[in-house]
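Thanks for coming, everyone. Please bring up the model, and we will walk through a few parts of it.

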Amino acid sequence: MKKVILSVCVLLVGFSSLIQAQHIKSPSEFLGYELGTRFTRHHKVVDYFKYVSSISKNVKLEKYGETNEFRPLYVVYISSEENIANIENIRENNLKQAGIVQGTAALKTGIVWLSYNVHGNEASSTEAAMQTMYTLITTKSEWLKNTLVIIDPCVNPDGRDRYVNWYNQTKSTPYDTNPDAIEHHEPWPGGRPNHYLFDLNRDWAWATQVETQQRLMVYNKWLPHVHVDFHEQYINNPYYFAPAVEPFHEIITDWQRSFQTQIGKNHAKYFDKNGWRYFTKESFDLFYPSYGDTYPTYMGAVGMTYEQAGHGKAGLGIDLANGAVLTLVDRVKHHTTTGLSTVEVASKNTTKLITEFGKFFNNTNLKYKNYIVRGNHTKINQVVSLLNKHQINSYRASQKTIKAFDYYTGTTKSVRINSGDLVISTNQPKGKMVKVLFEPEAKLSDSLTYDITAWSIPFAYGLHGFATTYSIEKSSTTPQTEIVKNNIQKTAYAYVCKWDEVADAAFLGKLLEADFKVRFSHKKFSVDGNQFERGSLVILRGENKHLQNFDELITDISNQMNEKLTPASTGFVDYGADFGSDYVAFIEHKKVAVISGEGTSSLSFGEIWHFFETQLQYPLHIINTAYFNHTDLDEYNVLILPNGFRASEKQLKKITSFAEKGGNVIAIGSALNSFADKEGFNLKRKKDDDESDEDDTAKKDMKKLFIPYNQLERESVKSSITGSIFKSTIDNTHPLAYGYTNTYYSLKLSASAYDVLEDGFNVGYFPEGTTTTSGFAGVEALEKVQNSLLFGIEYQGKGKIIYMVDNPLFRSFWEHGKLFVANAIFFN
């Protein structure tokens, strides 16, 4: 009798679930149009997820943040009714499995995280997210018994709505499949990036953007076993899914690689059945740590990228080279299929997934047990802040002499560890990610890569790095972040502030905006026994009598910005230049403009925009190329040319006139080509040593004729640099380099090289014998780097052209280079 009652109960529960599922509207029913026949604006997508979560016990919706343009960010949890009711217990047990939470794990539920629409104009994936959720809770609920699926339906709502709004305004009715039609050609900057025009798929590790910062807080609470990032690629490519291609980072396990293949084969089964084209093991590697597939992989997941043909060019439908029409309906089907297939394979392999996930966090075989960084305490605190975003632990060391690998010398030697040094141990659950972020050079198994090949945090932050093969004791006293408390000094002749980081430049900007008169020193000096380096700020009481509450104002601003002021009782220095000297120069308030729009790199412009608004916190005036020729540049002091900008003859004449009248022009990256080899400018592209020898050049060209066709791509890497770190020589007596030592580690992003200036200042250059400190560079590219320019200045009339060959603001993570930009703005 009990068995009969139990059977009836099970049937009733099943019938109840079926009735519930039958009452949930599909995306098409809810939206009022067939999914894939329109692009759905973000707020309607959110409405659908809210609707389903309100009536289904299989779904829980959580808001985790908000974008710069105030759009909400959500994740949705999808599983069996029992699992949803027990969701917090599942989460805690998973963290126990990883060793992050203490205790014995009792986990039977696999966790799959699906991220959609990180690139806003790759918009089919958000449509597929709605259909995937609906299918899981209606017809595939069996998989949910042992699987928790987390869906982020739109990682980049600002970019998506930028694209969708443009497309809905522009498209023909019916839509035009002709690739020449306007609806297939997005205007600058396109929908791919977020508000600040950053590529969010390259921000996972650096977390410079609010979307990433808020997502990581949720992601690291869960640490899924599988993570998929849904993308789109060019229209004539078919569908790409895992397994990935070499190079794989060495910490990736055999299991992670083999499970990618297992999932790929399951996808192939469905694609084969439908006759859909696809490819695997090409293009997309697993090396650079800041992607939506690599970051999760280095956090223990099986991380994968799926790429559907389409992106912003495809619209609702477009003609392909093979005569077919690719529609949004097709794209949604393909992404829905791979999403469901991923959950299916995970559900069938839950026990193995959980077991192998737990094994990943065993870090006993890692060579280096600790990474140590030393240097400016503010920069060390910035590293701590970054690690905290990833929930990676760090601590201050006990004083001790140890054997350690020195990043600067590339040798192992005796090193005295100080109490202020920061230690990041690999003996913690996320030890493998620690290795990836801090290792001096990642092992590269193949030179054909999809992105940069060097990123080591000590170099990126301008800190001295060390690595040890044994443990280091934790200091008994942990230094706290210094909270500056300046006091009013009515008797001070002047206030002095150091200059060695962007925070100092932000403080200067605030003073200038508040109408303070500020000076900076061209010489090292000492006053009242306090020593200061070149670039230090000097604010004289006598020059600021127009400010009625001078002391109160400067003290308030400095305390708000945590900036230490040193009162000086006199302008008569112990050594250096007295405060009345011409060597203590006046800083004018700068009105800064940047060029944006068609013809510039949206990414480079976005980096500049983001830097000014979030770090420098100084006004920036954005001038679009569409009306640049009609803009009166006499209104500005500084003009920034982003990477990608190439001045026309008319634009170059205008820029030159601006400089001749006293304006300063900052050219970044390929913007240098506006001046290189042009009459009236000293900048020259660097030529090969044998380029002038016609016989040698002919021999070189002849050799290329006999390279096998299948080796052409690999041969091309000989002349390329894929994001590698090089040590440069710096003239830190020049204002452009104030705050730096005489060496600087630069992230070189391309093989473009320029001769050192014959007339002007070579503030930074790569000397004879320069080679990579970390990362890949082809042999031919290395030859050009030697004796080439990094930072240079040449005069044009009363003004200057400031050349920055390598972009110091790249992806906003190369913190050590940013002060060069501040110096170029305020000190030149």
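Start with two strands. Strand β13, residues 370-374, and strand β17, residues 422-425, pair in the antiparallel sense over four bridges. Within that pair, Tyr371 stands opposite Ile424 in β17.

A word on where this comes from. The model is predicted, so to speak of local features we need pLDDT of at least 70, side-chain atom pairs count only at pLDDT 80 or more, and totals for chains, interfaces and linings use all residues. Residues are numbered from 1 along each chain as its sequence is written, and side-chain values use heavy atoms, with hydrogens and water left out.

Now the terms. Helices (H or I, at least four residues) and strands (E, at least two) are DSSP runs, numbered from the N terminus. Two strands pair if DSSP finds at least two bridges between them.

Back to the sheet. How many strands form it, and in what order? Six strands form an open sheet, ordered β14-β17-β13-β18-β15-β16, and the pairing is antiparallel. At the edges stand β14 (395-396) and β16 (411-417). Each has a single partner strand, so one side of each is left without a neighbour in the sheet.

Next, the helices on it. Helix α14, residues 377-389, packs on the sheet and touches β13, β14 and β17. Its direction makes about 25 degrees with that of β17. Contact here means heavy atoms within 4.5 Å. Axes are lines fitted to C-alpha atoms, for helices over the stretch in contact, and angles run from 0 to 180 degrees between N-to-C directions. Helix α15, residues 431-438, lies across β13 and β17, at about 45 degrees to β13.

Stay with α14. Which of its residues are buried? They are Lys379, Ile380, Val383, Val384, Leu386 and Leu387. They cover an arc of only 160 degrees around the axis, which puts them on the same side of α14. That arc is taken from the directions from the helix axis to the C-beta atoms. Buried means under 20% relative accessible area, exposed is over 50%, and partly exposed is in between (1.4 Å probe, protein chains only). The buried residues pack against β13, β14, β17, α15 and α16 (457-460).

Look at the ends of α14. Asn376 caps the N-terminal end: a side-chain oxygen lies 2.8 Å from the backbone nitrogen of Thr378. Just after the helix, Gln391 takes a positive phi of about 55 degrees.

Move on to Lys818. You will find it in helix α24, residues 818-826. Is Lys818 buried or exposed? Lys818 is buried, with a relative accessible area of 0%. Its side chain makes a polar contact with the side chain of Gln615, at 2.5 Å. Another polar contact, of 2.9 Å, joins the side chains of Lys818 and Glu815. A polar contact is a pair of N or O atoms within 3.5 Å; within protein, one must be able to donate a hydrogen and the other to accept it, and residues adjacent in sequence count only if both atoms are side-chain atoms. Leaving out residues up to four places away in sequence, Lys818 touches residues including Phe611, Tyr740 and Pro808.

Last stop: strand β34, residues 788-796. Eight of its nine residues are buried. Strand β32, residues 761-766, pairs with β34 in the antiparallel sense over five bridges. There, Phe791 is the bridge partner of Gly764. Six bridges join β34 to β35, residues 799-804, and these two also run antiparallel. Tyr795 stands opposite Lys800 in β35. The hairpin of β34 and β35 has two residues between the strands, and Gly797 takes a positive phi near 60 degrees.
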